[in-house]
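Take a look at the model below. Keep the sequence beside you as you read.

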Amino acid sequence: MKPLIASALFGILMMFAALTVKERRSFSVFALVLLALLTGINIWELAETRQALSSNNMGGVYFFKNMVKVDAFNLWFNTLMSALTLLYVGLMHRNIERVGLHVGEYYALIFFILSGIYLMSTFNNLLILFLGIELMSIPQYILAGSDKRNLKSSEASLKYFLMGAFSTGILLMGMALLYAALRTFNIEQFNFSMLGSNTILAVAGIILMIISFGFKVSAAPMHFWTPDVYDGAPTPFTAFMATIVKVAIFFGFLSIFKNAFYTLQGTWALVLGIITALTLIIGNLTAVFQQSVKRMLAYSSIAQAGFMLFAIIASNAMASKGILVYAVAYSVATLGLFAVLAKMKDYTYDGFNGLAKTHPYLAAAAAVFLLSLAGIPATAGFMAKYYMIAALIEDGYFIWLVILGLLMAAVSVYYYFKVIMAMYFREGTPELAHPVTVADKILLGICVALVFALGILPDMLLSCI
Amino acid sequence: MTQLVYLVPLLPLIGFLINGLLWKSMPRKTAGILASGVMLLAFALSVGIFFEVKNNPGYGTVVTLFDFIQSGALSLPFAFQVDELSSLFLLIITGIGFLIHLYSTAYMHDDPGYVKYFAYLNFFVFSMLLLVLGANYAIMFIGWEGVGLASYLLIGFWFKNKDYTNASKKAFIMNRIGDLGFLVGMFLVIYHFGTLAYSDLFMQFADGVPANVSQGVINAICICFFIGAMGKSAQIPLYTWLPDAMAGPTPVSALIHAATMVTAGIYMIARSNIMYNLAPLAQNMIAIIGIATVLLAASIAIKQNDIKKVLAYSTVSQLGYMFLALGVGAYVGAIFHVMTHAFFKALLFLGSGSVIHAMGGEQDMKFMGGLGRKMKITQFTFLIGCLAIAGVPMFSGFFSKDEILAAAYMKSPVLYALGIAGAMMTAFYMFRAYFLTFTGAFRGTHEQEHHLHESPAAMTIPLIVLAVLAVVGGYVGLPAVITENHLLGRYLSPVVTNNLASGHLSHSTEWVLMGISVAAVALMIFLAYSTTKKGTFKEPSGLGKVLANKWYVDEIYNALIVKPLKHISLLLDRYVERCGIDGIVNGVGRLVQWSGGKIRLLQNGQVGVYIFGMVLGIILLLIVGLLFL
């Protein structure tokens, strides 16, 4: 529980710092130090928990009256998320500093979101799940509107908040129905076998939860907010929302579907299958038509969510491994791409014309990230998709979805490669909004190395569990 | 020491990465030193490993680096096999590889692609090391493909010349045909035996053919592997790429012909000797194709005037001997010949490079002659190479070739007789080349004559080292008539043992066989001297013309395979591709664009519409979910 407490404390610390410190750069340095510290605390906690688990031979260590359960798997996920956030701030801190005046508050909100992620990944009780989701969502509403002078940003914030509130209502409704059927919030005590006529309550509750969850991860037909919000929000925060936050929600939902709802898989898998199919189709087809790379990435995040939904449908051991690989692979590639995007003045495809000539390093890194997102072998994205498909095939009931997924992956190549084409085969003089520093190059290099390392040795990530 | 084996391929890989990534900014001198330096280090390590293995017979061990592929029941670790066979090959590859790198620093001195060249060269060696070190066929295959790629890059190194790029394409395609055989063989192995690891696989052959598979399966696997070997090691019918591969810089030819690439097929079959012992059909096939290649290539070499072409065909023909040895079960003899051949063929190629260097790029022997007066070291070392390859007693080639011929005799005297015929042709064409190049009067232009000079030390030192090796290399495998202690055979015995047709030749027979071959060789050297004495070239006619035109094999392939294939693909392109597939693909593309355009309209920016869409979706999903309850 140390990381949870630490991240909440760090958030408060940042807010107090905002009262006294005026220099923007010092906030970033401070945040980077705290994030590194937080990652360290996570590793410490992981090591300690491992030791405790190996001695007491139980499935996990419980906190807060069994409301939170930690084990090596979810702590490892938390560690990865903290490390990714560190990478994210390293890549984006210049952009974060430029969003507005309240730099300290932005970082504080990021720490609060991290607390939400920790709750989300370790909950053992639906109330904690709800708490985690809200702790993650409310700072995001603020971050989306943080560029106050920009009308689009305010619009994004308001839209996100309105629709988010709507989906929260649905989530609570689903939980209430589940409680009505099961008389408990503790997911380890869920027992669907003796429900009798109450089963319908439970199933309706699960479906409502699926819908609310679908909203959070922007699955169709609950995806409408995504393009507007991602496009309107300041680019560095879009990057955060589209990657770390999103995969954390997937992780949380996978654990509830896998550990609690799996016995009823026959009832909800079809609903989820339809959602997945719609998400894949709408995400990919709409992305084809976009003119702005930022908006394309919004749709791409919908399309990628379609693939991650495979894991929830399958809810097996392969899916757990897969979501971990996918989370890191997708986050690293998308963060890297957003970091490149944030350097550009013009976010349209034409803005990237000729980038390979003027900034070969930037273009090469972006090309690697795009290849990974498209799922080209030897990159992390390929292994991630492989795990998802393998999980679904192991489950055995949704082969048509696998085929659809592969077809849509082919479509995705079109819009990802359009950027590569612009960078390498078109003439133009792209303008950068910010200069590329050595630190940027090193961090992008780390991202590229991660993409290849995971693409060749995905087990590296899994062997740490 | 053996635990450090991963460093051996890693070093050239590092060299490749540094030179390859920084080729624009790398100073030329540093690039050459780096590339040669990593090779020297790798060689030093190989020596250490070799002696460690040698001092602990049967010590063979598998060094696992990491899990490469885990899929169902199939597990492919990324592992290296360190044993007598692979450590011997390590020595050959890194040792000769180093000499060739050193030589290249001088030979390629003025080439604009200098850094790139060394990057490729390092990559070539890296792939070859992977090939021989892999502890399963999959790792071997990675190296196998890497070697193919590297050879493609290096043969077409001077890619501005269209003929050269064609030669590199030819090499690549011919190799790919063979690779397909290798791949099919691997799949058969996985299917029938469930593993690709040498140790697991060969364990299943410990008591002959396993009960659950038939003899036919093993024959099929062995033949498939052999098809792979045909491509890499240039045997009939896939040999035509090797003579064309001369397009690359001469040191590359030396590398391809001596230390790497072409020995891959021999290595693969020697490695699988336990399996091949159970496949008599495949073995017979190998022996027959081997001897046929010996004769075909040697006969072509007789009439070639390009010095590198002569050497190229001689490689094909010598490889034929190695396959003959494999086919008759003389695995040790084949490896022995790989080793001696590596010495003298590298020597000959580098020597020819020295000649070409001096002649300012001229390769045609018509315009050479008398070069020995200006290039004493090159002449002398080249002569040693000729003596070795021709099989003159006391030189290395004599011992290895003799061992193969004796083994062939045990199988069938016919094979022996054909082998002797090949040896005679070898002696003839090699000495013809020697006399035409180094003796007589100079036939080139005055300008060339003025330019003639001995090559720099970086080129002559490798020549001298190789010449020494070409002389003494044979003494590790003295024939049974002299001593029963066959050093190489004893060294290899834990991994490779001969499986000959009959146990032993009587000493008297062996003496007679040796006598015959020595006499035949001596006769042919004399013949070569007398035919080249005048130094005139007349237009070949009759059989000579057929030979000069390489039996028209390229033309026959063109007419029988390339042209019909081209016609078929043109037809497919015109009708199936343009009308059928293109139509479908473009149709799908248009459908995607059209539907994308429509779906996009849903996104109109109104929160009310969004929420309405969501509610509609929720209701439908609830209905679906509860209906299917």
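The paragraphs below go from the interface to a helix pair and then to some backbone details.

This is a predicted model, where local features need pLDDT of at least 70, side-chain atom pairs count only at pLDDT 80 or more, and totals for chains, interfaces and linings use all residues. Residues are numbered from 1 along each chain as its sequence is written, chains are lettered from A and ligands numbered from 1 in the order in which they are written, and side-chain values use heavy atoms, with hydrogens and water left out.

Start where the chains meet. Chain A gives 35 residues to the contact and chain B gives 27 residues; contact means heavy atoms within 4.5 Å. The two chains bury about 2800 Å² between them, and 82% of it lies on carbon and sulfur atoms. Buried area is the accessible area (1.4 Å probe) that two parts lose on being put together, summed over both. On the chain A side, A:Phe166, A:Phe224 and A:Phe289 lose the most area to chain B, together 21% of what that side buries.

What about polar links? Five residue pairs are in polar contact between chain A and chain B, both residues at pLDDT 80 or more. A polar contact is a pair of N or O atoms within 3.5 Å; within protein, one must be able to donate a hydrogen and the other to accept it, and residues adjacent in sequence count only if both atoms are side-chain atoms.

Helices here are DSSP runs (H or I, at least four residues), numbered from the N terminus.

Now turn to a helix pair inside chain A. The axes of α3 (residues 72–99) and α9 (residues 235–259) of chain A come within 9 Å and cross at roughly 170 degrees. Axes are lines fitted to C-alpha atoms, for helices over the stretch in contact, and angles run from 0 to 180 degrees between N-to-C directions. Therefore α3(A) is roughly antiparallel to α9(A), a label for angles over 145 degrees. Residues in this contact include A:Phe77 and A:Met81 of α3(A), and A:Phe240 and A:Ile244 of α9(A).

Finish with the backbone. The peptide bond from A:Ala220 to A:Pro221 is cis, with omega near 0 degrees. A:Pro221 sits in the loop between α7 and α8 of chain A. A:Ser218 is found in the loop between α7 and α8 of chain A. A:Ser218 is not a glycine, yet has a positive phi of about 55 degrees. In chain B, a cis peptide bond joins B:Ile236 and B:Pro237, with omega about 5 degrees.

Note on methods:
Helices (H or I, at least four residues) and strands (E, at least two) are DSSP runs, numbered from the N terminus. Angles under 35 degrees count as roughly parallel, over 145 as roughly antiparallel, 65 to 115 as roughly perpendicular and the rest as oblique.
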